Amino acid sequence: MKTGVLIGLGLLATVPAQAQVKSTDPQSVVKALQDAGYKAELSKDSDGDPIIRSGAQGYKYTIFFMSCDKGRNCGDLQFYAGWTDKLTPERANAWTQKHRFARVYSDDKGEAAIEYDLNFEDQPMTTALFRKNLELWDSLVGSFVDYINEPDETQKK
């Protein structure tokens, strides 16, 4: 019986640990982005919190590390992209009603912006799940760019 338990434990030891992405480890986010084929430039914002600059669908975006404690131990990530294209609040609402995971808005200059949050709650996320979230973000950016490039039908009336 002891031999069977020892063999079983030995088998468990050979199972490779899944790679993980952690909001508390900005370098793990950089690596996951790069492994997925994205560029990733790690720096800090004016508060000392980590940020990553990257791109999707040919457009630049920033990943903000949120809920940080003096630039460390961040709890969440927020993906953000903005354009100089104008977006009315009505059109922003219309897009957001049809897209569950992202929110869009017009900033104080009336320019288009999109945000997408990843809640880690200080827990690791598998690289595979992080990559699925990247694919969703990429798709949402593409959809939003198409939308802001469409003519505003409300302006024709």
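C68 is partly exposed, at a relative accessible area of 22%. On this scale buried is under 20% relative accessible area, exposed is over 50%, and partly exposed is in between, with a 1.4 Å probe and protein chains only. Its partner in a disulfide is C74, and C74 counts as buried, at 2% relative accessibility.

Before I go on, a word on the source. This is a predicted model: local features need pLDDT of at least 70, side-chain atom pairs count only at pLDDT 80 or more, and totals for chains, interfaces and linings use all residues. Residues are numbered from 1 along each chain as its sequence is written, and side-chain values use heavy atoms, with hydrogens and water left out.

Back to the cysteines. How many disulfides does a search of the whole structure find? The search finds 1. The criterion is a pair of cysteine sulfur atoms within 2.5 Å. For C68 and C74 the S to S distance is 2.0 Å. The torsion about their S-S bond is about 110 degrees, so the disulfide is right-handed.

Now the loop between β4 (59–66) and β5 (76–86). Strands here are DSSP runs of E, at least two residues; helices are runs of H or I, at least four; both are numbered from the N terminus. Most residues other than glycine have a negative phi. K70 is not a glycine, yet its phi is positive, about 55 degrees. N73, also not a glycine, has a positive phi of about 50 degrees. K70 is exposed, at 79% relative accessibility. N73 is partly exposed, at 45%.

Next, helix α3, residues 89–98. Which of its residues are buried? R91, A92 and W95. Seen down the axis of α3, these buried residues fall within an arc of 100 degrees, so they line one face of the helix. The arc is taken over directions from the helix axis to the C-beta atoms. The face turned away from the buried side carries the exposed residues E90 and Q97.

What do the buried residues of α3 pack against? Against β6 (103–106), β7 (111–119) and α4 (127–149). Contact means heavy atoms within 4.5 Å.

Take the α3 and α4 pair. They pack at an angle of about 145 degrees, with axes 12 Å apart. The axes are lines fitted to C-alpha atoms over the stretch in contact, and angles run from 0 to 180 degrees between N-to-C directions. On the α3 side, the contact is made by R91, A94 and W95. On the α4 side, L140, S143, F144, Y147 and I148 make it. By class, that is 6 nonpolar, 1 polar and 1 charged residues. Nonpolar covers Ala, Val, Leu, Ile, Met, Phe, Trp, Tyr, Cys and Pro; charged covers Asp, Glu, Lys and Arg; the others, Gly among them, are polar.

L140 also brings in Q57. Their C-alpha atoms are 83 residues apart along the chain but separated by 9.6 Å. Q57 lies in the loop between β3 (50–56) and β4, and is partly exposed at 44% relative accessibility. Leaving aside neighbours within four places in sequence, Q57 contacts D138, V141 and G142.

Last stop: F130, in helix α4. Buried or exposed? Buried, with a relative accessible area of 1%. Beyond four places in sequence, its contacts include V21, V29, L77 and F120. The C-alpha atoms of F130 and V21 are separated by 7.1 Å, at 109 residues apart along the chain.
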